[in-house]
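Hello,

Here is the structure I promised to pass on. Have a look at it first, and then read my notes below.

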Amino acid sequence: MFEEILFFLKKPVYEEMNSLNTSEKLRYVLKLVVLAIALSILLSFLLGLLGTLFNLDLGKHAMDDFLENYPLVYLLFFAVVGAPVLEELLFRGPMIWFKHSKFFPFIFYVLTLGFGFMHISNYEMTLQNLALSPILVAPQLAAGLLLGFARVRFGLLYSILLHALYNFVLAGPILVFQLLDIPIE
């Protein structure tokens, strides 16, 4: 699977895997969730290490504001339903219009970069954070590549599902900590 993804990323081509049945596609999506989470953990760890080494103050994260101002159920709904549907329609949906175009690889990467860099809005808008934006959004960029792969190979519904599962796994610990009233820092 890893080699197939790397091959695709070298030269993205819009080519659905119609030979797989639904359960095979779902198993593949679950493997992509594990890969996306692993990449996000690794990249987030590296970001934390850089923050510690260089004493970076990234400011308040949007998640902190969200948890202070809205009930927990809103986070769950927004992270697992709202964001995956809206973001996949916006950033992966348009790929279909270019599936037979020689510009598809360019469009694939432009949409992926747009998806990743949109997430800089999770951080306070400072000159430092803007300069560090490629590093700060690296987890979203990596996830965006896998979401794009899922969209092209399996269809838009599968990229929405992958996105929802990914966000659920990431939001899960926050939900548990909030429910158990354990401070998150």
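Of the 185 residues of the chain, what percentage count as buried? The figure is 41%, where buried means under 20% relative accessible area with a 1.4 Å probe, protein chains only.

Before the rest, a word on the basis. This is a predicted model, in which local features need pLDDT of at least 70 and side-chain atom pairs count only at pLDDT 80 or more, while totals for chains, interfaces and linings use all residues. Residues are numbered from 1 along each chain as its sequence is written, and side-chain values use heavy atoms, with hydrogens and water left out.

The chain has nine helices and zero strands (DSSP runs, H or I of at least four residues for helices and E of at least two for strands, numbered from the N terminus). Its C-alpha atoms fill a box of roughly 45 × 35 × 25 Å along the principal axes.

Now to the inside. The largest nonpolar core holds 29 residues; such a core is a set of buried Ala, Val, Leu, Ile, Met, Phe, Trp, Tyr and Cys residues joined through side-chain atoms within 4.5 Å. At least two residues of this core come from each of α1 (2-10), α2 (22-53), α5 (104-118), α8 (138-154) and α9 (156-179). I5 is one of the residues with the most contacts inside this core. Beyond its neighbours within four places in sequence, I5 is in contact (heavy atoms within 4.5 Å) with L32, L35, L146 and F149. Another core, of eight residues, lies apart and includes L58, L132, V137 and L141.

Best wishes

Definitions and conventions:
Buried means under 20% relative accessible area, exposed over 50%, partly exposed in between (1.4 Å probe, protein chains only).
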